[in-house]
Amino acid sequence: MSMMGRIINWFGLSAGIITLIVLVISFYVPWWQLTIGQNLIKVNASPVNTNFGLLGGAQFTIPLIWALNLISILSFTACGLVMLIYSVNPTKDYSKHLLGFSYKKPLYVVISFAGCLIAIVVIAGILGMSIPLMGSTTLNIPTQLISSGLSISALVSGSFQLPFYFAIVAAGLCIAARLYHKNLAKVQKKGQKQHHYRLSIWQLSHQLKRFSFSRQMLPNR
Amino acid sequence: MDKVRIALTILSIAIVVGPLIGIAFVYRDNLLGLVVPPQVKSLINGGDSNGLTSVGSQFQMPTLVGDPQYNAQTGAVAVSFNFTNPLSNSVSIDNLSAEVQSGNGGASLGDISLGQPVQIASGETSTITVSGLLNQAAISQFEAQNPGVNSLNISLANLNANVAGVTVHMDQLNNAGQLQLPG
């Protein structure tokens, strides 16, 4: 697709913009939220900003998770910017490398995030604690952890938030941009062939003209 | 073209490796700190480096206040509990119920429960009164079996409390107080 004669990969442009929007929103709204009891324990999880709240106290994060969040922030930023640069120059020689760098990252982040959540839920299930990815359930504290004659259970609710769905859209658009790039490459090849064909006809006609001119210039015998 | 590819590869590696090396360098003397933040550490150790730990140690089950109040004419009984909310936000006690038994795990005398949910503001201690009706026949039977006894030691069985969305069940709470009998 082109605008004012310039070829633009609109899927890539949309993907770049949405990726940067997802990045900004994710600082304030988590991708997934888990609440135990009446905000006794709160987990705000996202690849960009993950923090925990215990017993109504101040929220905190785990240093290793903070570093992983930083990796995601840098990945999202680089992906968004590079995708934008690619989108407005999709036919340049280097554009394929820009696209290759940027189109996979949101997908990897979404898959890694969902994979980690599923792993946590499965591990908790093995330990006898049910944690819902979406919806509510009752979490029973294993009896080994508390004294006999006492049982403790809490209402646990988990839910995916809007930025998670936005991130899926961004990942989808990145893949669409990659697929659409093939069309752009075909259009570019076709254009190059036509240009080459036009050039050949022009060169032939030019040579014919030169040949007829040189014939005219020959002395009559 | 190759320069672009090489630059992007270096950028990809730097994005992943940079933060990990950075955080490992910062925590090089305390690698456990990478996964256990000070808040969790002090909560486990019971220290008081910040408000969180004191909250954890102050979080206690409701405690009985005095002896249960019993009206022999109506059979009404009321048991009072004290509960302190150590959290920074208010909590609600939605349910508190139990079965009243004579002695420690004796005959069932009746049930008591919370009339309506109670809200306790942050840092406040509130007295929660749980009430119900006792089985007059069971009381009379006890009086007949124990002539001249003016009080009845009670225990609470199947104590259920729902505090701040957490349900606690206790099979038996012995020595929950003395019922004063008219006898």
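Strands here are DSSP runs of E with at least two residues, helices are runs of H or I with at least four, and both are numbered from the N terminus. Two strands pair if DSSP finds at least two bridges between them. This is a predicted model, where local features need pLDDT of at least 70, side-chain atom pairs count only at pLDDT 80 or more, and totals for chains, interfaces and linings use all residues. Residues are numbered from 1 along each chain as its sequence is written, with chains lettered from A and ligands numbered from 1 in the order in which they are written.

Let's start with chain B. Strands S7(B) and S8(B) (residues 166-180) pair in the antiparallel sense over eleven bridges, and B:Leu152 has B:Leu179 of S8(B) as its bridge partner. The two strands make a hairpin with two residues between them, and B:Ala164 in the turn has a positive phi of about 50 degrees. S7(B) (residues 151-163) also pairs with S3(B) (residues 91-102), antiparallel again, over eight bridges. There, B:Ser97 sits opposite B:Asn160 of S7(B).

Now for the helices across the two chains. The axes of H2(A) (residues 63-88) and H1(B) (residues 2-26) come within 9 Å and cross at roughly 160 degrees; axes are lines fitted to C-alpha atoms, for helices over the stretch in contact, with angles from 0 to 180 degrees between N-to-C directions. That's why H2(A) and H1(B) are roughly antiparallel to each other, as angles over 145 degrees count as roughly antiparallel. Residues meet if their C-beta atoms, placed from the backbone, lie within 7 Å. Among those meeting are A:Leu70 and A:Leu74 in H2(A), and B:Ile15 and B:Leu20 in H1(B).

How values were computed:
Angles under 35 degrees count as roughly parallel, over 145 as roughly antiparallel, 65 to 115 as roughly perpendicular and the rest as oblique. Two residues are in contact if their C-beta atoms, placed from the backbone, lie within 7 Å.
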